[in-house]
Amino acid sequence: MSEPTKGYVVVASRTKFFYVSAINLIESILDFHPEAKITLVTEERFLDKRSEVCDKIIFCDDHKRAKLWGMARTPYDITFYIDADTECEHEDIANVFDLLGDDDIQFTGLPADRHYCYAEVFFPGATKPDGTKAGFELCGGVCLYDMRKPIVREFMQDWWDLTDKQYNHGWWPKKADGSEDLENYPQSFKRWDQFSLWWLTNKEEKYKDLKVSIMKDDARWNFYSKYKYKHNDDPVVIRHYSSTNAKQMEF
């Protein structure tokens with residue numbers, strides 16, 4: 001049996017900021033892992049000579065969540081997706097594929113001690129089977145997944161399809177009378193692709209056996225720039241920057 005192909009996917013759409021950030025990320029990965037295979041998903045209008053550092057290029061449109069479309073079209077068997085507005089800081093990036101084990105998909109988490117960084121976590125009226133508040137538990141800033149498994153391929157496509165409907169006012173949880181359930185799932189949550197992720201992994205019978213987990217020492221792999229203190233003992237591998245103003249910039 002041949003070895004599975006392994007590579008990184010980075011997506012840059014909508015503004016030149018994301019393209020420039022993506023190139024910086026890719027170069028930083030190559031600094032620590034020169035043999036890395038990296039696919040850039042971006043809009044053709046952004047392309048310049050800097051993209052020559054990529055293994056492959058796939059063109060996308062300017063959808064706000066083109067990242068999900070790109071994740072579903074990875075050319076690799078085992079993929080580590082990374083948000084464009086990040087930077088690699090450690091040689092352990094080359095070992096990330098070893099973390100997957102028997103899992104289908106791994107994300108980083110949103111534990112209680114990091115909630116101070118996030119605008120919304122809990123749904124006001126929705127609860128888990130144990131009666132506690134339901135809300136986001138997985139962060140999609142990075143994602144490690146095995147596309148050799150049909151269930152994973154279907155999940156990645158469904159995540160994109162459901163998010164596209166969500167953003168285009170074509171889907172939202174319904175009440176018994178057919179109206180949108182804004183009491184349990186308010187309007188403000190429609191802006192997050194994490195909501196469609198939560199829905200698929202918690203509400204869809206199709207994915208009840210999907211092996212989804214949180215990466216070991218997960219803060220190392222998605223260390224958010226607004227963290228106020230250390231959330232892991234070992235060095236950061238991926239540092240995640242976020243600036244609303246910068247994301248609107250054109251170059």
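Which residues have the most contacts inside the largest nonpolar core?

1. They are I105, F123, Y145, F155, M156, W159 and F195, in a core of 39 residues. A nonpolar core is a set of buried Ala, Val, Leu, Ile, Met, Phe, Trp, Tyr and Cys residues joined through side-chain atoms within 4.5 Å. Helix 3 gives the largest share of this core, six residues.

2. This is a predicted model, in which local features need pLDDT of at least 70 and side-chain atom pairs count only at pLDDT 80 or more, while totals for chains, interfaces and linings use all residues. Residues are numbered from 1 along each chain as its sequence is written, and side-chain values use heavy atoms, without hydrogens and water.

3. Beyond its neighbours within four places in sequence, F123 is in contact (heavy atoms within 4.5 Å) with A134, G135, F136, N184, Y185, F189, F195 and W198. Another core, of 31 residues, lies apart from the largest one; its members include I29, A36, L40 and C88.

4. Helix 1 (residues 16-32) has 17 residues and reaches 25 Å from first C-alpha to last, close to the expected 24 Å; the expected span is 1.5 Å times one less than the number of residues. Helices (H or I, at least four residues) and strands (E, at least two) are DSSP runs, numbered from the N terminus. Among the buried residues of helix 1 are K16, F17, F18 and I29.

5. F59 is in strand 3 (residues 56-59). Its relative accessibility is 37%, so F59 counts as partly exposed: buried means under 20% relative accessible area, exposed over 50%, and partly exposed in between (1.4 Å probe, protein chains only).
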